[in-house]
Amino acid sequence: MLKRPLTKPTKLILLGFLDIRMDLPWENKQYFLNLKKGYEGEVLFNSLTEKLSCECYILNGLRFEFNNTTFQIDSMIAVQQTLYMNEVKNFVGDYYYKDGRFYSMNGDERKDPLVQMERSSSQLRQLLRSLGFTIKVEPYVVHVNPEFTLYQAPLGTPIIFPTQVHRYINNLNMITSKLNRNHEKLADKLISLHVEEDPYAKLPPYTYKGLKKGTTCAVCDSFAISVHGKHCVCGDCGHVESVESAVLRSVWELKMLFPNLKITTNIVYDWCRIVDNRKRISRILGKHFKIVGERRWIYYE
Ligand SMILES: [Zn+2]
């Protein structure tokens with residue numbers, strides 16, 4: 001049973017908005033691409049775990065603050081006796097272990113997922129003990145990308161390779177498991193302890209003025225949108241969306257990027273650039289938001 005579904009991290013959503021509206025500085029671009037790749041790996045793994053039919057609780061994307069440190073766990077699957085903790089990786093290319101260190105093929109030492117897994121599983125065990133739960137924690141690094149190869153991994157290390165992921169899931173499915181009230185308490189407690197990361201903390205500086213304006217396609221992010229009556233059509237992928245939904249999506253994007261900005265007809269008109277009629281914008285805003293103020297000073301909440 002899916003107790004906590006996977007959700008797209010807000011900072012990834014924000015970086016995605018910024019990426020199409022400005023030139024991200026190199027480091028932010030790399031960070032964004034890594035985050036995106038990691039999330040795609042989690043989506044893939046989630047598509048497999050959500051089909052588990054054994055009696056279990058699935059908890060995705062939890063982040064804890066404990067013992068003055070922060071640790072994040074991509075996926076947890078609780079069965080009767082064991083809590084499977086999965087550190088999901090979407091690496092592409094060739095890597096190797098040498099003298100206990102993790103390298104990419106060009107010889108650059110990389111952050112070892114096993115070290116990361118050890119650290120978070122140790123934190124998780126301590127957290128569970130402090131809460132009075134005795135369930136056994138079994139951690140794995142799960143590589144989901146079929147383009148990933150790892151050489152010289154010591155035999156018996158808790159790594160699930162792309163060719164083993166299906167078997168891993170099948171084996172979980174074969175576990176005879178009966179969950180009780182205590183398992184539910186454990187799952188609910190862990191969910192309640194989740195601490196959201198400040199999504200604005202790692203963003204590059206940006207201003208309203210500095211961002212490219214215009215409504216983008218909901219499917220392919222293209223700016224090539226044209227309005228035909230009540231609908232807008234993407235010139236690149238052909239996706240059709242109602243003007244109303246496109247405007248609302250743009251307002252949501254604007255509110256996410258600038259949480260303190262007052263939403264007015266003029267701002268939305270300037271931001272969307274697809275509707276050439278301010279009255280049409282006011283109508284859409286008036287239908288979906290609360291109108292605050294009067295006449296020239298109207299804004300929407
Ligand atoms: Zn499109």
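**Exercise 1. The domains and the overall build**

Task: State which domains the domain assignment gives for this protein, and how far apart their C-alpha centres lie.

Solution: The domain assignment divides the protein into domain 1 (2-192) and domain 2 (225-300), and the model in which we look at them is a predicted one. Taking the C-alpha centres of domain 1 and domain 2, we find that they lie 38 Å apart. Where the two domains are in contact, six residues come from domain 1 and five residues from domain 2. For the protein as a whole, the C-alpha atoms fill a box of roughly 70 × 50 × 35 Å along the principal axes, and the secondary structure comes to eight helices and 14 strands. Of its 301 residues, 44% count as buried.

**Exercise 2. Locating the largest nonpolar core**

Solution: Begin with the members of the core, which has 38 residues, and among which L18, Y206, L211, V247, L257 and V268 touch the most other members. Next, list the elements that give two or more residues to this core: these are α1 (10-21), α2 (26-49), β11 (231-234), α6 (243-257), α7 (265-272) and α8 (278-288). The largest share, seven residues, comes from α6.

**Exercise 3. Describing a pair of helices**

Task: Describe how α1 and α2 cross, and decide which term for their orientation applies.

Solution: Two packed helices are described by the angle between their axes and by the distance between those axes. The axes of α1 and α2 come within 10 Å and cross at roughly 130°. An angle over 145 degrees would count as roughly antiparallel, and one from 65 to 115 as roughly perpendicular; α1 and α2 are therefore oblique to each other. The crossing of these two helices is left-handed. To see which residues meet, look at K11, L12, L15, G16 and D19 on the side of α1, and at K29, Y31, F32, L35, K36 and Y39 on the side of α2.

**Exercise 4. Buried or exposed?**

Task: Decide whether H143, D99 and R273 are buried or exposed, and describe the place of each residue.

Solution: The cut-offs we need are under 20% relative accessible area for buried and over 50% for exposed.

1. H143 is placed in strand β7 (residues 136-143), and with a relative accessible area of 2% it is buried. Apart from its neighbours within four places in sequence, H143 is in contact with K89, F91, F148, I159, I160, F161, P162 and V165.
2. D99 is found in the loop between β5 (93-98) and β6 (101-104), and at 71% relative accessibility D99 counts as exposed. Its phi is near 50°, a positive value in a residue other than glycine.
3. R273 lies in the loop between α7 and α8, and its relative accessible area of 52% makes it exposed. The phi of R273 is near 55°, again a positive value in a residue other than glycine.

Note on methods
Residues are numbered from 1 along each chain as its sequence is written. This is a predicted model: local features need pLDDT of at least 70, side-chain atom pairs count only at pLDDT 80 or more; totals for chains, interfaces and linings use all residues. Side-chain values use heavy atoms; hydrogens and water are left out. A nonpolar core is a set of buried Ala, Val, Leu, Ile, Met, Phe, Trp, Tyr and Cys residues joined through side-chain atoms within 4.5 Å. Buried means under 20% relative accessible area, exposed over 50%, partly exposed in between (1.4 Å probe, protein chains only). Helices (H or I, at least four residues) and strands (E, at least two) are DSSP runs, numbered from the N terminus. Axes are lines fitted to C-alpha atoms, for helices over the stretch in contact, and angles run from 0 to 180 degrees between N-to-C directions. Angles under 35 degrees count as roughly parallel, over 145 as roughly antiparallel, 65 to 115 as roughly perpendicular and the rest as oblique. A crossing is left-handed if the near helix is turned anticlockwise from the far one by less than a right angle, and right-handed if clockwise. Contact means heavy atoms within 4.5 Å. Domain bounds come from an automatic or database domain assignment.
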